[in-house]
Amino acid sequence: MTTHPPTRRTTYREVLAERRFRLLFLTRAVAITADSLRISAFSVLVFSTTGSPLLSAVSFGAGFLPQMFGTVLLGSLADRLPPRALISGGYLLESAAALALALLPLSVAADLALVALVALVTPVFHGASGRLVARWLTGDAYVLGRSLNSMASSVAQLAGLALGGAAVAALGTRQALAVGAALHLSAAVAARLGLPRLKADGEPSGSVAKAGLRGTAALLGARDPRRLLLAQWLPGAAAAGAEALIVAYAGQHHFAPGSYALLMACVPAGMLAGALVVGRLLRPCVRERLVAPLAAVTGLPLLAFAAGPGVGTSAVLLFCAGTGFAYALGLQRAFVDCVPAALQGQAFGLLHSGTMTLQGVGPACFGLLAAAAGTGTAMAAAGAATLLTAWWIAGWHTAAPA
């Protein structure tokens with residue numbers, strides 16, 4: 001983490017002018033929309049079939065928790081196989097899985113196993129995509145490319161949830177899953193036809209599982225990669241714990257019906273605004289100096305939920321908390337610089353799967369606290385946990401001089 005940041009700000013237009021990145025960006029946005037649609041429709045399908053809130057919740061998280069295991073066991077494939085085949089094949093696998101959920105008369109247990117199996121290999125596709133972005137975009141262009149992906153992810157998740165609700169209402173759950181399959185198929189075809197044919201960078205011989213374990217151990221055993229991974233994982237895990245309590249908080253405070261939807265939209269809206277302002281208006285060296293303060297912004301507004309704010313104040317607080325997620329832009333250059341080239345694909349897969357896994361663990365932890373102490377107190381505790389993480393980051397993170 002000693003390299004100097006670029007002094008010139010890159011523009012989003014310059015990043016999107018890179019045709020190969022633009023294709024990755026658009027196909028990933030379509031795939032995230034399809035993922036969100038599948039998650040919502042599948043949860044409705046499981047609940048309507050079983051009447052079990054527990055199984056419905058399990059179906060929601062079945063696509064997240066197995067990803068860490070997939071990274072550890074299979075993550076080396078992101079560096080050992082051609083990226084175009086991995087990315088297009090991954091979207092095709094997602095499409096086939098959604099189509100199987102839509103058409104095959106499987107038991108709920110089999111459906112959950114299918115979703116978990118696909119989640120197991122998902123980090124491989126994410127790792128290959130991240131490796132290509134790091135290859136095609138360098139310096140500040142890479143940071144803004146990650147910013148664009150973050151903004152697109154927020155928009156696509158909201159679009160997928162909205163499309164999923166509309167499709168379930170108009171067509172039914174299984175037909176909605178078929179719509180998601182079609183979206184994933186379109187992303188697969190576009191990636192296969194549009195991405196260049198590239199060779200793998202890694203050594204294809206040897207045990208995949210052993211290579212994955214060695215790579216994970218190397219990344220987590222080295223101080224700089226470990227710190228940068230944890231710095232990108234932990235604030236999001238605590239914030240996800242607070243987000244997961246929004247519906248319960250709105251219910252306990254007797255907010256108007258539908259208010260929870262407004263509150264849930266405030267965090268991704270804040271994330272969009274923060275990424276746009278920090279990514280576009282601040283110089284690279286300033287972004288890197290603001291990592292710890294922005295991480296603190298993610299948690300500070302959540303402390304106010306201990307006082308039980310109303311709808312309007314809660315919306316403002318959640319929006320402000322969302323803007324703080326732009327702190328991660330100041331870590332992107334350092335993360336790429338400290339990861340060995342031979343492990344880049346696995347490193348990006350580990351970053352993604354760790355984020356997904358801990359965002360599943362965070363709600364469980366703070367949900368237990370809410371059951372004992374109330375939702376407002378638990379949301380404030382999530383904010384305090386984020387502030388502790390920001391304090392930890394400030395203790396070791398030093399931006400390179402401009």
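**Notebook: aromatic pairs and nonpolar cores**

I looked up the aromatic residues and found Y142, F335 and F348 in one aromatic cluster. I worked on a predicted model, where local features need pLDDT of at least 70, side-chain atom pairs count only at pLDDT 80 or more, and totals for chains, interfaces and linings use all residues. Residues are numbered from 1 along each chain as its sequence is written, and side-chain values use heavy atoms, with hydrogens and water left out.

I took Phe, Tyr and Trp rings (the six-membered ring for Trp) as paired if their centres lie within 6.5 Å; planes under 30 degrees apart are stacked, over 60 edge-to-face, the rest tilted. That rule gives 6 aromatic pairs. One of them is W392 with W396, edge-to-face, at 5.5 Å centre to centre and 65° between the planes.

For exposure I used relative accessible area: buried is under 20%, exposed over 50%, partly exposed in between (1.4 Å probe, protein chains only). W392 is partly exposed at 30%. W396 is buried at 11%.

Next I looked up H126, in helix α7 (residues 108-136). H126 is buried, at 16% relative accessibility. Beyond four places in sequence, H126 touches R28, F348 and H352 (contact: heavy atoms within 4.5 Å).

Last, I listed nonpolar cores: buried Ala, Val, Leu, Ile, Met, Phe, Trp, Tyr and Cys joined through side-chain atoms within 4.5 Å. The largest has 60 residues, with I87, Y327, F335 and I393 making the most contacts inside it. A second, separate core of 21 residues includes A238, L263, C266 and F366.

Conventions:
Helices (H or I, at least four residues) and strands (E, at least two) are DSSP runs, numbered from the N terminus.
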